[in-house]
Structures are given as structure tokens and as C-alpha cells.
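The structure is shown below.

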Amino acid sequence: MPQNAHRSQESAAADEARPGRPRVVIAVDLPEPLCREIQQQVPEVAVVWDHTLYHPRQGPADWSGGPDHSRTPEQQRAYESMVDSADVLFSLPDVDPAQLARTVRANPRLRWVQAMAAGGGSQLRAAGLEAEELERVGVTTTAGVHGGPLAEFAVFGVLAGAKTLPHLTALQREHQWGERWEMRQLEEMTVLVVGLGGIGRSCAQKFAALGSRVLGTSRSGAPVPHVDELVPMDELSGAVSRADAVVVTLPGTEATEGLVGAELLGSARPGTILVNVGRGAVVDESALHGALDDGRIGFAALDVTATEPLPADSPLWDHPNVLISPHTAALSSAEEARIAELFIDNLRRHLEGRELRNVVDTVEFY
């Protein structure tokens, strides 16, 4: 018998021996040591997992698993039986909104689901749960876990624009030395961070450390460390007009879709650098292409796009002043341990009846 399957049966047996313990089911291929860590850190619960039933990861934090892997009908029944027995789920089943809806309706015991994405709100919205179901089952995200890696990509993107990376690579490719030209310096630049959640706060810290003046959008108006000036959302155009670089970290909601569009980009000064590490739908890509052509946007670094993968016929692929990253800037082998750490903290909060971190707003779904 495979070791992981044996461990799952041990967990089930322990749960039967102590039936009062809440049942926590790991619904994705979390590495075995981290499964054990959750059980050791929170012994008040029964943690259940079975690696013979998961879609195997192809790399770090590949929660959906290999697309070519499939379960036998017997394995699928066993997997659904396991996730449907949970009081708490670590991940949407198979990271699939439709499977979340199925298990919510099959399991009246379920009370909380930890999504694997910082943008887990969009997955919850896609599940199409009824109001009563949303009230019964809370969903939390991994917001903050990816802040450091994405902030580093944001710094990289702004530096790539400030140091004229496309021009440098073109000259090198052609073996041309060229004439000298002036590059921009971060310590002389104003960086506008659009969205001051976990990612935005990390961006603010890193740009401030490099000497930039940092502006940031805020709905609450509460002070944020390392932000020199808070900007209300209704004054965003004016802030864009004062910025040398704009870093977008916003989640994808109805309110943010297309927010960075023709009007906002029209406020930019010529040569403004744009970086998007939030959600692709926040940026109107047709308007962005126009702003790149007319020079208002001098360089754009995009880790996300409205449609992923970016369609082959998108003009952004071939634009000389665009850098495309295939939604990979946040990927880190440390992500799995960070998510487990967040989950353990929230699990303790859940057992103690305290407020959970990163609860999805079920009105705007972020």
C-alpha cells in the first residue's frame, strides 16, 4: 500500500477514535511534510489527505496538477467522498469552482475553504453559490503570500523601463555599441502603486527602499507604511499624470475591470512605465496598445493579461516596448510553506472563533 494512502487511513482511524475533532481535508497535492506539519501544529483537528487521489504537481505550487492526469471512476468517487467529509477544506477541490459548488451542496458540514490563489474571490464568484451557501461557507485567499515575489517583479519591470532594456537588447543583438544616452534613476522617480493590499504594500516598501517617492491608492484613507501620499480612487487620473511609473496590483472585480483604460492612460506623461502584477482584466489592452504607440506609455511589463495564455494574435507580443511574463512572477518553491503557515494561523483562529485573515468579500468577490 502506498505510504500516503496509508497515512490518510491513519488519519481517518484517528478521527473515528476522537469523533469530536473537526475534519480538515487537503484537497490538492500539498507535499507530505506540510500535510504532517498542519496536523502537528494543530492537533485539535483530524487532517486527512491521500496523495494517490490528487492530480500530481508538475512543479512548485502547481495546485491544479498535470493536465494529462485523470482518475479512474473508483478514484474519483473516493476523492469526492474524501472532500465531501470535510469541515474545512485546504483548497477548492481540484482548484475548480464547479467542484466547489458540488461539494458545498453535497456537504452541509463544510464551513470554510482556503483557496490557493490571492485572487480566490474570482474563483468563488465563478462557483455561483446561492446567498445561503455563501453565508454558510467562508472562503479565504492567500493574499500576502505572493507579495514579495510580485513586488520584486514590479521593481524589475520599472527598472527595465527606466534602464531602456529593449534598446539595450536590440543593440546587443545587432552587435552595435551605439551612442551613450541618459537612463532614469529610481531615486528620482515617482511610483504610483494602484492598490495597497498585500502586494501593493510590499511594492511600496521596496520602491521606498530604493529612494522613489511612492504614491498609493486607498479607499480607506488609513496610513500605509512607506507610502508618501495616499490618493483617493476618484483622483487616480491626477496621480497618474504625476507619476513616472504606475504599478497595478488590483484584484479582478466588476469595479476594477478595464479601470486602466483610455481615459486613465491618456492622463499619463510621455514615457510613463506601466507594470501589472494584479489581474489582467484591470488593464484595457487595446487602450494600452494605443498608449504604447503614441508614447504615453514608454514601456509595459505584464505578468498577467486579460486572456491567459495571451492570444497569439495579440499585438502586445510584438510591441518593442512590452515585456510579457506568463503569469509566473509569483511562482516560488517557498509558496507552499507560506500558504501552509497562513492556513495554520487561520485554522487556529477558526477553532477559537476569531476573525479569519483574507476572507473573501461576497459582494465584490475580492
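In this predicted model, helix α2 (residues 32-41) packs with helix α13 (residues 335-352) at an angle of about 25°, and their axes are 10 Å apart. Because angles under 35 degrees count as roughly parallel, α2 is roughly parallel to α13. The crossing of these two helices, α2 and α13, is right-handed.

**Helix contact**

- Helix α2 contributes L34, E37, I38 and Q41 to the contact.
- From α13, the contact residues are E336, A337, A340, F343, I344, L347 and R348.
- By class, the residues of the contact of α2 with α13 comprise 7 nonpolar, 3 charged and 1 polar.

**Largest cavity**

- The model has 2 cavities of 30 Å³ or more.
- The largest cavity holds about 60 Å³ of space.
- Its lining consists of V194, V240, V246, V260, L264, L265, A268, T272, L274 and I297.
- Two elements, α11 (262-266) and β10 (272-276), each give two or more residues to the lining of the largest cavity.
- This lining has 9 nonpolar residues, 1 polar residue and no charged residues.

**Second largest cavity**

- The volume of the second largest cavity is about 40 Å³.
- The residues that line the second largest cavity are A27, V28, D29, Y54, H55, W63, S64, R71 and D94.
- The lining of the second largest cavity divides into 4 nonpolar, 2 polar and 3 charged residues, whereas the lining of the largest cavity includes no charged residues.

Terms used. Residues numbered from 1 in each chain as written. Predicted model: local features only at pLDDT ≥ 70, side-chain atom pairs only at ≥ 80, totals over all residues. Heavy atoms only, no water. Axes fitted to C-alpha atoms, helices over the stretch in contact; angles between N-to-C directions. Helix = DSSP H or I, 4+ residues; strand = E, 2+ residues; numbered from the N terminus. Parallel < 35°, antiparallel > 145°, perpendicular 65-115°, else oblique. Left-handed = near helix turned anticlockwise from the far one by under 90°. Contact = heavy atoms within 4.5 Å. Nonpolar A, V, L, I, M, F, W, Y, C, P; charged D, E, K, R; others polar. 1 Å grid on protein atoms, 1.4 Å probe; cavity = no way out; pocket = protein on both sides within 12 Å on 5 of 7 lines; lining within 4 Å. Points joined across faces, edges and corners; volume = space filled by probe spheres on them.
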